Amino acid sequence: MLQRVHSSYISRIAAVISVIMLTFLTANAQQGRKKVVMTVAPDTIPLFRGIAVSTDLVGPAQLAFGSYGQYQAAMRVNLKDKWFPIIELGIGKANAEDVTTKLTYKSTAPYGRIGMDWNLSKNKHDIYRVYGGFRYGYTSFKYDVNSPGIVDPIWGDKTDFNAKDVSCTYHWLEAVFTIDAKIFGPVRMGWSMRYKRRLFHTHGDIGEAWYVPGYGKSGNSRLGGEFNITFEL
């Protein structure tokens with residue numbers, strides 16, 4: 001009987017000690033977890049990272065093999081490899097002739113765009129970059145239209161149709177998606193896809209201009225593309 005009481009007493013003491021130890025260990029574990037603090041290394045990249053100049057190769061190719069195109073140069077500022085304010089300037093040209101009507105269209109004028117690109121890459125400091133951005137574009141230009149004559153289908157009379165220095169203005173927006181990569185040294189190369197949307201414009205009495213410098217063929221919206229060579233300074 002005494003032995004049984006003694007064994008029961010020892011069991012109770014062991015149970016109490018187990019509870020105390022479990023409580024102590026749980027408290028220590030919680031305290032240890034509280035001491036674990038996740039720290040993020042600060043971004044030590046300076047705000048100003050340099051300037052880059054670029055040129056488009058698609059526009060000159062359009063002029064060489066087609067009836068319109070442009071020469072373009074751009075300058076952008078690199079802010080922390082994240083934000084890229086940019087300005088684009090160029091000269092657009094058109095010298096087109098309709099093979100059926102013999103109607104010719106000619107225009108040469110400057111244009112400009114201003115906007116911003118954002119680096120969408122997960123690693124902002126990688127040699128590869130993916131950009132999303134926008135541009136606001138504007139041009140004021142003149143064009144000439146000439147025709148050897150339009151024959152009246154009923155009376156057979158021939159009427160000359162000519163217009164010179166027809167003044168126009170054009171405002172538009174562009175949504176831009178670009179991919180480029182460092183090739184060697186300061187040289188980068190990449191593609192730029194653009195969706196263009198006309199905002200508002202003015203045109204002469206004879207109607208819409210066939211070609212708009214910096215925009216392309218006139219219309220409410222259109223897709224375009226560029227292939228750029230960039231030099232980072």
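Helices (H or I, at least four residues) and strands (E, at least two) are DSSP runs, numbered from the N terminus. This is a predicted model: local features need pLDDT of at least 70, side-chain atom pairs count only at pLDDT 80 or more, and totals for chains, interfaces and linings use all residues. Residues are numbered from 1 along each chain as its sequence is written, and side-chain values use heavy atoms, with hydrogens and water left out.

**Enclosed and open space**

A 1 Å grid over the protein atoms alone defines the voids. A cavity is a set of points where a 1.4 Å probe fits but cannot get out. A pocket is an open set with protein on both sides within 12 Å along at least five of seven lines. Lining residues have an atom within 4 Å of a point. Grid points are joined across faces, edges and corners, and a volume is the space filled by probe spheres set on the points. For residue classes, Ala, Val, Leu, Ile, Met, Phe, Trp, Tyr, Cys and Pro count as nonpolar, Asp, Glu, Lys and Arg as charged, and the others, Gly among them, as polar.

| Space | Volume | Lining residues by class |
|---|---|---|
| Largest pocket | about 230 Å³ | seven nonpolar, four polar, eight charged |
| Second largest pocket | about 190 Å³ | eight nonpolar, two polar, three charged |
| Largest cavity | about 200 Å³ | seven nonpolar, eight polar, nine charged |

The structure holds one cavity of 30 Å³ or more. Its lining takes in 24 residues, with Ser-54, Arg-76, Ile-86, Asn-228 and Thr-230 nearest the centre of this largest cavity. At least two lining residues come from each of S1, S2, S3, S6, S7 and strand S10 (221-232).

The largest pocket has a volume of about 230 Å³. Its lining counts 19 residues, and Asn-78, Asp-81, Arg-129, Arg-188 and Glu-232 are the closest to its centre. Strand S1 (48-56) and S2 are the elements that give two or more residues to this lining. S1 gives the most, with four residues.

The second largest pocket has 13 lining residues. Leu-103, Thr-104, Tyr-105, Val-145 and Trp-210 lie nearest its centre. Strand S3 (83-97), strand S4 (104-119) and strand S5 (128-151) are the elements that give two or more residues to the lining of the second largest pocket.

**Aromatic pairs**

Rings of Phe, Tyr and Trp (its six-membered ring) pair if their centres lie within 6.5 Å; planes under 30 degrees apart count as stacked, over 60 as edge-to-face and the rest as tilted. The count comes to 10 aromatic pairs. Tyr-68 and Trp-210 have ring centres 5.8 Å apart and planes at 85°, so they pair edge-to-face. This pair links distant parts of the chain, 142 residues apart. Tyr-68 sits in strand S2 (residues 68-79), and Trp-210 in the loop between strand S7 (187-202) and strand S8 (211-212).

Tyr-68 is buried at 17%. Trp-210 is partly exposed at 32%. Ring pairs join Tyr-68, Tyr-105, Tyr-143, Trp-210 and Tyr-211 in a cluster.

**Asp-160**

Asp-160 lies in strand S6 (residues 158-184). Asp-160 is exposed, with a relative accessible area of 55%. Beyond its neighbours within four places in sequence, Asp-160 is in contact (heavy atoms within 4.5 Å) with Pro-148 and Gly-149. The C-alpha atoms of Asp-160 and Gly-149 are separated by 4.1 Å, with the two residues 11 apart along the chain.

Notes:
Buried means under 20% relative accessible area, exposed over 50%, partly exposed in between (1.4 Å probe, protein chains only).
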